[in-house]
Amino acid sequence: MCRRFASLPWTFVVLGLLAAAVLWATVQRPLLRLFLESRRLARGDLTRPVSVPRWGEAARIGAALERLREQLRGTGEDSGSAPQGRSRFGTRGPLVLTAALLLLWCVPVGLLLNRTDGSVSVPAAMVNDQRDRTDLIADRVRRALNEAQADLVSTSRLIDADKPDATAKLLTDALRKHTRYQALYVVGEGGKVVARAGGDPRAWSDGEDLPLVRVSGKGEKKPVVQVGAPVPKRKGTTLVGEMRVEFLNSLLKRPGLGEVRVVNADAETLAASDGFLAFEELPNDALPDLVRAAGVRVGAGPVENGLLIREGSRVTVAAAAPFSGGGIAADIGWTVVSWQNAERFQIAPYEREDRSVLAGMLGLAAIGVCLGWVYLVVVRPLRALAAAAEKLADGDLKTVHYPRYQDEVGAVVRSLELLRQQLQAHRHNQARRPADRRLRVGGR
């Protein structure tokens, strides 16, 4: 494979030389012949017929020059139409052929060469790194939930449920200081909201066996994560804080880790580094199994786990890390799962594939730039020159021809202008001869 990749530059050089030869034979060489023929006619050498190319704009220009030569000699008509039977596809044909030749190199290189498949070997160190970094994020999210509950515990000690106005002011101040919450409210017995700040409160049921971290909002766009702290001075009263999902999402965004999500025990999404819907399933069928396998208790508790998922030519590195450690968030059954395509890793097969794709893209860019330059500098001016030469051969002696380019096309345009002036002088002389004859006859 490396030997084949090393021969690619030589193949591109050969095809490039072949494309250059095509452009030389079909565009540049006929244009040089027309330049020589037009200069010969402009000098007054009208004895030898114009060598007309076989096809395209060059043939149209050559035919127009031949008609101009005959008009200057007095053997042709002053007006007429362009000769029929010549190809009008023009110099765009060689450009298309040249592009096709170069695409024979770019397309196979960019799309076929060095393609990887599902047999690519991914080092175990990369899988372990994915697993360890996922465990760090799981620990970060768990600590954030524990800190949120600890803040609520501190605030709950200042609450006096008998003073709802003072409690509401306290909650407003706390909500302003802690941006992780979107709403704070105090729930009394029977689920009645005593005081609140922020958005509309969600239902909260009191009970010793219920967790202090709860999630609701199934079927909605965003899940609702509630964290509670009992109020010490009033039994059955709880301070509840609704956490902003955006805050949890921000904890998951880490470069080089791919897509990261927080899921519950049923592998339903609660937060994600990218966009998601509340409680949506994981996109790969193997990821829920990975989450369940990571949640199995081994020794003191569940442990993080890593996995390679092969689907056809696609290889995915995935990892799952359940919450473990201390605090109220340790036993809620949440897991952080991450996955990314192995193509993002610096593995030799993927690097060769990237180089092949890059070479193909650079080849396409070179084709676009070079052929676009040829079209703008040669083809389009040549088509305009063909139209101007045919108009001049058809008898349009009023249009002055100005050369816009300092090349062969511009030289032919200058020759056309000289031929136009010679035709004007020729017609003027032909118009004076009958008048001179009448004056001589009248004088006698």
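The chain exposes about 23,800 Å², and 54% of that comes from carbon and sulfur atoms. Accessible areas here follow the Shrake-Rupley method with a 1.4 Å probe, and for residues only the protein chains shown count as cover.

A note on the source. I am working with a predicted model, where local features need pLDDT of at least 70, side-chain atom pairs count only at pLDDT 80 or more, and totals for chains, interfaces and linings use all residues. Residues are numbered from 1 along each chain as its sequence is written, and side-chain values use heavy atoms, with hydrogens and water left out.

Next, the fold. I find ten helices and twelve strands in the chain. These are DSSP runs numbered from the N terminus (helices H or I, at least four residues; strands E, at least two). Of the 444 residues, 43% are buried (under 20% relative accessible area; exposed is over 50%, partly exposed in between; 1.4 Å probe, protein chains only).

Then contacts, meaning heavy atoms within 4.5 Å. I took those with a separation of 6 or more: 63% of them join residues 24 or more positions apart.

Last, backbone angles. Most residues other than glycine have a negative phi. I checked Ala267, which has a positive phi of about 60 degrees. Ala267 sits in the loop between β6 (259-263) and β7 (269-272). Its relative accessible area is 5%, so Ala267 counts as buried.

I also checked Phe279. Its phi is positive too, about 65 degrees. Phe279 lies in the loop between β7 and α8 (286-294). With a relative accessible area of 12%, Phe279 is buried.
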